[in-house]
Every structure is written in structure tokens, then in C-alpha cells.
Amino acid sequence: MKELSLWNRNFLLICFSSFFVFMTFYILAVTLPSFVLDSLHGSQKGIGLVTTVFVIAAVIFRPLAGKWLNELDNRKIMNTSLILFAVCSAGYLIVRDFAPLLVLRVIHGAAFGIAATTTSAIAIKLIPEKRKGEGIGYFTLFMSLAMVFGPFLGLMVISHFNFSVLFMMCLVFSVLSLLCGLLLQLPQQPEVKKPSTSSWHWKTFIEPRAIPISISGFMLAFSYGAISTFISVYAKSLGMEPMASYFFIVFAALILISRPFTGRLFDRKGEHVLVYPGLFFFVIGMIWLSQANSPFAFLAAGGVIGLGYGALLPSFQAIAIKSSPIQRSGLATSTYFVFFDAGYGVGSYVLGVIAAMTSYGTMYFIGAIIVAFTTILYYALHHRRQRTKRTTEPAASAPNPTE
């Protein structure tokens, strides 16, 4: 039974290390626009650039992190990235101009991309094989909680204090993440074999078997970008501005309530039991959100979307890992999140253009259609291929009757 143990010291340490990284990320995501406008006297375009360079750097360094995870000591990579992440967090305390802020955001984005990838990969290695779905579900729950508490805490601090207090808080969270990483103990890693392909071949950065489900993750993130980026301005346009913060509380509450059941269902019944209902709830929630005309409808839509998102995010990540060889799980993780981050960035921009041309309600309705299309992608790229593989494997492995 020891090998089936999930909740142990090391798993909690990696969960909290990831939690503090994402707390810092989400605090800065919602407060830096105000810092750029109020303290640096920047422009609206400057706000977008501060976010864009961070995401681009993270996307570039995720596959590099995946490559390093297969070739170098995982714990050293993680702690080095966490040290750089903490140093960057301290850097905001001394930034006084826009150009240095952009440079800092690029470095911080690179550190975030590496840290987020390595903590996920290490968490996966600490989860027992028969509890992968449940374990990944709980690990991503810590990220979901950071997504709620980070913006809430960040906005509260800048409304009562100044940006120096905010950046000091981010530094504290970054140091706590590093301390968790330093206290972590990993099981002995097998000796890493030299890759058969060139060190700079594309397969040393991307895991091909993780690409099909990562495409579905791209589409999910494409629509989710509209929620995290525009929900506050949408609420304001509806005359329900105070409801924006409560939207994410309801969103996270449904993830928290459903997570213990979804993870176990994944391990016992397989991914399809979660993915198809998850897609259904996400689509229904987005359509409901596009038509919201009261606080109840607005918040209820958030809960339904959270129910779908909470089932889909860990399921897609677990599928990416289970589709790949165990020794390339780190690369599979980085591949999945490269697609996910890219979808988030592209979706935020494209759907924002659509909202400017039409309305926020129309934007969310189009987001629902995109996720509905993801159902077809999932079936074609994963479900059907998996079913075909299962029907051909017995025939291929059947003993020869003449023997």
C-alpha cells in the first residue's frame, strides 16, 4: 500500500511550491496594469506589451525546460529556476522606468516557464502510477486556488497600500516557493541515457505523442483566455462590476468541490467519462455567460464553467503524460503547456478583437462554439485513435496457434 500513498511530505512540498509561484504570477497579472499606468505613466499598449513579453518568454523556455528535465538533475533545474524567479520578484522593487520593466518581464517569464514546467514534471513523478488522474487533479487544484486568491489579494493590497508593499509580498511568496523546493527530496533518478537523436532535434524539445491532446488543450485555453482577461470589463458593461471577483470565487469553488471525485473517476473509469461531460459543461456555461442579464445568471455560469474546466485541465494533462513514455514525462508536460500557453495568449488577443468588433456577449458565444469544436478534435485525435489501438493490439499480441 505504500506505493499507492499520495499525500506525503514531498507531494505537499511540490504542491505548495507551485502554489506560491502561481500566486506571484496572478498577483502581478492583475496589478501590473495599474503599476504601468499610475507609477510609470505608461500607455494601454504598454500594458499589453508587459503581458505579451512575459507569455512569449514562458512559451519559449517551456520546451527547453522539458529537454533539460530529460538530461539533467530535475531538482537542480527546479531550484535554479526558483532562485531566478525570486530574484526577478525582488527586481520589481527597484524598477522605475518602462524599458527596464520589459527586460525584467522577459527574464521573469523565462523563470516562470521553467519553474512551472519542472514543478509539474516533478509532481507527476511523485504520484503513484495507479493514482495519476487523482494526483494531477489535486496538484492542478493548487494552481486553481492561486488563480482565485492571487487576484483577490493583489487588488486588496493596492487598494489599501502601495506597490512597494505589493512587490514585497510577491518576493515573500517567491522565497516560500524556493524554500519548499529546497526541502523537497526526490527518489533516486535512473541514469539518463544519451538521446538517440541530435541534441537539437525537434523531438528533444517536443514529445510527439503528447501533441494530439495538446491541440485540444490549445483550443480550451483559447476560449479560457476570454474569461480570465475580459470577465471584469464584461461585468462592468453589464452593470455588475462587483460580481467579477465573485465570479472567480464561484468558479474555483466548483473546481474544489468536484476535484476529489473527478480524479478518482479518471483513474477508475478512464478519461472519456470526464472529458465529454467537461466539454459539455464548459460550452453550456459559456453560452449562459454570453446571455447573462442578472447577477445570478452571471455567477451560475461561472460555476458551470468551473465544473467543466476543473474536469478538463487535469484530464488533458494526464492524457498527455500517459500517452508518452515514462522517461519523457517532463517533455510531455512541457509540450502540453506550450500549446496551452500559446492558446491562452492567442485566444486573449483574437477574442479581444472579436469583442471590439461585436460585443463581449458575442465573444463568449464564439468561445463556446470553439470549445464545442474541441469535442470533435478530441474524438478524432485521441478517442478514436485510442479505440483503434486497443482493437488492434490483441490481434497483434495473440499467440501463434501453430506454435
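Is R209 buried, partly exposed or exposed? Select R209 and you'll find that it is partly exposed, at 48% relative accessible area (buried is under 20%, exposed over 50%, partly exposed in between, with a 1.4 Å probe and protein chains only).

Before moving on: this is a predicted model, where local features need pLDDT of at least 70, side-chain atom pairs count only at pLDDT 80 or more, and totals for chains, interfaces and linings use all residues. Residues are numbered from 1 along each chain as its sequence is written, and side-chain values use heavy atoms, leaving out hydrogens and water.

E207 is buried, at 0% relative accessibility. The salt-bridge count comes to two.

For the other pair, pick R62 and D341, with their closest N and O atoms 2.5 Å apart. R62 sits in helix α2 (residues 44-71) and D341 in helix α11 (residues 329-357), so the pair ties together parts 279 residues apart in sequence (helices are DSSP runs of H or I, at least four residues, numbered from the N terminus). R62 is buried at 2% relative accessible area, and D341 is buried at 14%.

Next stop: L176, in helix α6 (residues 163-183). L176 is partly exposed, at 31%.

Don't look for disulfides (cysteine sulfur pairs within 2.5 Å): the count is zero.

Note on methods:
Helix = DSSP H or I, 4+ residues; strand = E, 2+ residues; numbered from the N terminus. Salt bridge = Lys/Arg side-chain N within 4 Å of Asp/Glu carboxyl O.
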